[in-house]
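Subject: Structure handover and findings

Hello,

Here is the structure for you to look at. My notes come after it.

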Amino acid sequence: MIVLRPALGGLPYVLWLRPNRVLSRRGLRRLILVLAALALITAGLGAWQGDVFAPLFALIEASAVAIALSVAWRAGDRSERITLDAESLEVQTLPGCRCTRFQPYWVRVLLESGEGRYRLLLSSHGRKLEVGAFLAEEERTALFRKLKVLLADVQSQPRR
């Protein structure tokens with residue numbers, strides 16, 4: 001998902017890049033509870049018919065599924081913030097707060113194919129940085145076009 005805050009009154013352009021999420025935290029909890037309840041009901045029926053270990057295996061399975069879903073959901077917390085003004089183009093990777101700066105008059109936006117997908121790269125002075133690796137192909141292409149337009153807009157403004 002790409003969210004653009006336009007530049008107003010001298011403020012920089014800000015682009016937020018976030019992976020798409022289908023579930024909220026509340027929805028994830030509900031899904032885990034429903035899956036655990038179904039596993040335990042099925043295990044209870046198995047135990048009633050003589051399989052005394054079924055509840056134990058159901059608890060282990062429900063815990064493993066809950067952990068796997070939580071880890072996958074937490075991976076959606078990563079995001080990138082691109083700030084662009086006349087002085088710098090700054091890419092901040094969250095969480096972790098890794099920050100990379102480029103001079104907007106020298107930066108190039110590249111869309112390279114590789115490893116079976118397109119990679120969006122910012123390149124300047126021999127440095128390259130991949131941006132939006134978690135976005136879908138269409139979103140990455142849209143971001144490529146949007147960054148080209150925003151950079152052209154910033155570069156056309158007179159320097160102070």
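This is a predicted model: local features need pLDDT of at least 70, side-chain atom pairs count only at pLDDT 80 or more; totals for chains, interfaces and linings use all residues.

Residues are numbered from 1 along each chain as its sequence is written, and side-chain values use heavy atoms, with hydrogens and water left out.

**Helix pair**

Helices (H or I, at least four residues) and strands (E, at least two) are DSSP runs, numbered from the N terminus. UniProt, in an unreviewed entry, lists residues 31-48 and 54-73 as "transmembrane region". Its positions are given in the numbering used here, feature names are shortened, and annotations may be inferred rather than shown by experiment. In the model, residues 31-48 are 100% helix and 0% strand. The C-alpha atoms at the ends of that span are 26 Å apart. Residues 54-73 are also 100% helix and 0% strand, with 28 Å between the end C-alpha atoms.

Two packed helices are described by the angle between their axes and the distance between the axes. Helix H1 (residues 25-48) and helix H2 (residues 54-74) have axes that come within 9 Å and cross at roughly 165 degrees. That makes H1 roughly antiparallel to H2. Axes are lines fitted to C-alpha atoms, for helices over the stretch in contact, and angles run from 0 to 180 degrees between N-to-C directions. Angles under 35 degrees count as roughly parallel, over 145 as roughly antiparallel, 65 to 115 as roughly perpendicular and the rest as oblique.

Contact means heavy atoms within 4.5 Å. On the H1 side, the residues that meet H2 include Leu-28, Ile-32, Leu-35 and Ala-39. Among their counterparts in H2 are Ala-58, Leu-59, Ala-62 and Val-65. The residues of this contact divide into 18 nonpolar, one polar and two charged. Here Ala, Val, Leu, Ile, Met, Phe, Trp, Tyr, Cys and Pro count as nonpolar, Asp, Glu, Lys and Arg as charged, and the others, Gly among them, as polar.

Ser-70 is in helix H2. Leaving aside residues up to four places away in sequence, Ser-70 touches Leu-28 and Ile-32. Ser-70 and Arg-25 are 45 residues apart in sequence, yet 9.3 Å apart in space, C-alpha to C-alpha.

Two strands pair if DSSP finds at least two bridges between them. Five strands form an open antiparallel sheet in the order S1-S2-S3-S4-S5. Strand S1 (2-5) and strand S5 (98-102) are the edge strands, each pairing on one side only. The twist averages 15 degrees from one strand to the next. Strand S3 (residues 79-84) and strand S4 (residues 89-94) run antiparallel and are joined by six bridges. Ile-82 has Val-91 in S4 as its bridge partner. Helix H3 lies across S1, strand S2 (13-17), S3 and S4. H3 runs at about 170 degrees to S2.

**Three-stranded sheet**

A second open sheet has the order S6-S7-S8, again with antiparallel pairing. Strand S6 (108-114) and strand S8 (127-131) are at the edges with a single partner strand each, so one side of each is left without a neighbour in the sheet. Neighbouring strands are turned by 35 degrees against each other on average, direction ignored. Seven bridges join S6 to strand S7 (residues 117-124). Leu-110 stands opposite Leu-121 in S7, and Val-109 stands opposite Leu-122. Helix H3 (residues 137-156) packs on this sheet too, touching S6, S7 and S8. The direction of H3 makes about 25 degrees with that of S7.

**Backbone points to check**

- The peptide bond from Leu-94 to Pro-95 is cis, with omega near -15 degrees. Pro-95 is in the loop between S4 and S5.
- Glu-115 takes a positive phi near 60 degrees, in the hairpin of S6 and S7, which has two residues between the strands.
- His-125 has phi near 55 degrees, a positive value in a residue other than glycine. His-125 is in the loop between S7 and S8.

Best wishes
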